[in-house]
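Here are my notes on the model you sent over.

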Amino acid sequence: MSTPARHYPARHLDLAGMGHHPAPYAMPPNGERPAAGLRPTLHSAPPGSSPSAPAPAGDALADYRIAREPYYRQVSDELELFEAAYAVRMPVMIKGPTGCGKTRFIEHMAWRLGKPLVTVACHEDLTASDLVGRFLLDAQGTRWHDGPLALAARLGAICYLDEVVEARQDTTVVIHPLSDARRMLMLEKKGEVLHAHPDFQLVISYNPGYQSLLKDLKQSTKQRFAALDFDYPEHEVEVEIVAHESGVDRDTAAKLVHIGARARNLKGHGLVEGMSTRMLIHAGSLIARSVAPLTACRMALVRPLTDDADMRDVLDAAVSTYF
Ligand SMILES: Nc1ncnc2c1ncn2[C@@H]1O[C@H](COP(=O)(O)OP(=O)(O)OP(=O)(O)O)[C@@H](O)[C@H]1O
Ligand SMILES: [Mg+2]
């Protein structure tokens, strides 16, 4: 098996800027996993794990390994379901509104399964070559460089195509042979049929709220995936997440979650999208840095969500009820 380049030259650097990136917690692998059921902590070594060992020499996926456990609070049975899907390498689609925990979940699952995570933020200019790879000229001459999808398939990572529906349909079809029983990728320009590594899994995310008829996945794409529906967590769970992630106390977190619930009721009645868990964490983080709660909520919750003056008044009033 040939070793693909790890650093993407010129054109690939563009892609890196647009979201093809290693996992945020990427560090050399430590090869250890905590015992099931231990409480996760953010940005610290997983309980029971040994200090990180250096990546094996020549580990092309070293940048994509997740050494520290990304904090993830289970909401339902999604951990078990994902593990069952991974066990048979079933492609998985994660659906849900913005800021509800899709990316965090897949980061956590990659860590839990001990697999590297290659993430691609999809956009409408993404070409099949951006995913698969291309020949590039360097000092040694013309050399093939695997794209992120080929890299993950060749070396056995989880490949996460974020907001896949943003990519054009002619780009999306390259994942078809990889996401059915064939598990292979055609590198047409290179004249290679790449058979996916046994550890490889394909995961895509999408926000069903944003779909139009023109921008939707083809049925032939959708039907290759199992789907997990994500949504904002129920009250107690969301309070726990907001408190943990922002550093505010539970009381403050609970107030923020109440405000979130009020705003979510306005979806479809003047608001296009609900107030995400991410936004509540932003507000909490400002409060934790001594910003006055009213100001923090206006800045992190109300102003980003809408420009409509009446709707802002309604949301400001909801904020004043709690702070
Ligand atoms: N169940 C959860 N456990 C831990 N943190 C969570 C959970 N759900 C949401 N979060 C927090 O909310 C933030 C936003 O979540 P995330 O980035 O995963 O959203 P997303 O669904 O991928 O959104 P988008 O569709 O915009 O990419 C995370 O950074 C994390 O702090
Ligand atoms: Mg995301």
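**Notes on the model**

1. Before going on, some housekeeping. This is a predicted model, in which local features need pLDDT of at least 70 and side-chain atom pairs count only at pLDDT 80 or more, while totals for chains, interfaces and linings use all residues. Residues are numbered from 1 along each chain as its sequence is written, with chains lettered from A and ligands numbered from 1 in the order in which they are written.

2. (The expected span is 1.5 Å times one less than the number of residues.) After α8 comes Gly247, with a positive phi near 90°.

3. Now α3. Eleven of its twelve residues are buried, so this helix is largely enclosed by the rest of the structure. Among those buried are Lys102, Thr103, Arg104, Phe105 and Trp111. Its cover includes α2 (78-87) and the strands β2 (92-95), β3 (117-121), β6 (158-162) and β9 (201-206). Gly114 follows α3, and its phi is positive, near 70°.

4. Which residues come nearest to ligand 1? Of the 19 around it, they are Thr98, Gly101, Lys102, Thr103 and Arg104. A residue counts as near if its C-beta atom, placed from the backbone, lies within 6 Å. The elements giving two or more residues to this shell are α3 (102-113), α8 (235-246) and α10 (277-288). Domain 1 (10-229) and domain 2 (235-322) each supply at least three residues, with the bounds taken from an automatic or database domain assignment.

5. Finally, confidence. The chain has a mean pLDDT of 85, and 81% of its residues reach 70 or more; pLDDT is the predictor's confidence in each residue, from 0 to 100. Residues 1-20 are below 50, with 32 contacts beyond near neighbours in sequence. Residues 24-54 are also below 50, with 55 such contacts. Where pLDDT is low, the predicted coordinates should not be read in detail.

Conventions: Helices (H or I, at least four residues) and strands (E, at least two) are DSSP runs, numbered from the N terminus. Two residues are in contact if their C-beta atoms, placed from the backbone, lie within 7 Å. A residue is buried if 20 or more other C-beta atoms lie within 10 Å of its own, exposed if 12 or fewer, and partly exposed in between; C-beta atoms are placed from the backbone.
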